[in-house]
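This report describes one protein chain, going from a single residue to the chain as a whole. Please read it beside the sequence and the model.

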Amino acid sequence: MNINECKELQLTGDLKRAEICYRKLMKKENVSSEVLCNLGIICAKTEREEEATNLFKKILNLEPNSSIALNNLALILIKQQKYDEAIKNFLLALKFNQHTKTHFNLALVYEKIGKINKAIHNYKAALKIDSKNAEAMNNLGNLYYTSGNLEKAKKYLELSIQTTSKLDSAFNN
């Protein structure tokens, strides 16, 4: 088996076989951080946060600047309601890579803890990287709406609808 076969199993949703495949690859001498990361994602998706956390930390021992490992670790911390730690991991990940998903995830955390201005800032940062991110537009529109800024709310919600008709939440506002 090779990593591409494992990734294909993972992409098609066969997580059990993908995990077996990745574990076989781990027995080889030089396991890549990609194998560890993909296995960590499977563990996180299958509610094994402790094992996933250990895998992401193992990646960070090998590659301290791994924004992917930091981002995934932060997602687990959100599930555990450790928001301050999640924020620290997202911010560190952004030092190494300005990724739209990291800004988006950070905005979600800020929104969850009531730091609306920081959430708005990060949704906007996500849109600077990916101007067609309808979900960020929608969430930004919702934040403006709840903040009472109806003009900006309308702007972002309309942009979200124009960008994609598949995001049902944009139509429900």
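Buried means under 20% relative accessible area, exposed over 50%, and partly exposed in between, with a 1.4 Å probe and protein chains only. Tyr 144 is buried as well, with a relative accessible area of 6%.

The structure holds two aromatic pairs. Tyr 144 and Tyr 156 have ring centres 5.8 Å apart and planes at 20°, so this pair is stacked. The pair links distant parts of the chain, with Tyr 144 in helix H9 (residues 134-146) and Tyr 156 in helix H10 (residues 150-163), 12 residues apart. For pairing, rings of Phe, Tyr and Trp (its six-membered ring) must have centres within 6.5 Å; planes under 30 degrees apart count as stacked, over 60 as edge-to-face and the rest as tilted.

## Basis of the model

Residues are numbered from 1 along each chain as its sequence is written. Because the model is predicted, local features need pLDDT of at least 70 and side-chain atom pairs count only at pLDDT 80 or more, while totals for chains, interfaces and linings use all residues; side-chain values use heavy atoms, with hydrogens and water left out.

## Overall build

The chain has 11 helices and zero strands. Helices (H or I, at least four residues) and strands (E, at least two) are DSSP runs, numbered from the N terminus. The C-alpha trace spans about 60 × 30 × 25 Å along its principal axes.

Of the 173 residues in the chain, 43% are buried. Among contacts between residues at least 6 apart in sequence, 37% join residues at least 24 apart; contact means heavy atoms within 4.5 Å.

In soluble globular proteins, nonpolar side chains tend to be buried together. The largest nonpolar core has 24 residues, of which Phe 90, Tyr 123 and Leu 140 touch the most other members. At least two residues of this core come from each of helix H5 (67-79), helix H6 (83-96), H7, H8, H9 and H10. A second, separate core has 23 residues, including Tyr 22, Leu 36, Leu 39 and Cys 43. A nonpolar core is a set of buried Ala, Val, Leu, Ile, Met, Phe, Trp, Tyr and Cys residues joined through side-chain atoms within 4.5 Å.

Leaving aside neighbours within four places in sequence, Phe 90 is in contact with Asn 71, Ala 74, Leu 75, Ile 78, Thr 102, Asn 105, Leu 106 and Val 109.

## Loop residues

Ile 113 is found in the loop between helix H7 (100-112) and helix H8 (116-129). Ile 113 counts as partly exposed, at 32% relative accessibility. Beyond its neighbours within four places in sequence, Ile 113 is in contact with Tyr 83 and Ile 87. From C-alpha to C-alpha, Ile 113 and Gly 148 are 19 Å apart in space, and they are 35 residues apart in sequence.

Most residues other than glycine have a negative phi. Glu 47, in the loop between helix H3 (33-45) and helix H4 (49-62), has a positive phi of about 65° although it is not a glycine. Glu 47 counts as exposed, at 54% relative accessibility. Gln 81 lies in the loop between H5 and H6 and has a positive phi of about 60°, although it is not a glycine. At 59% relative accessibility, Gln 81 counts as exposed.
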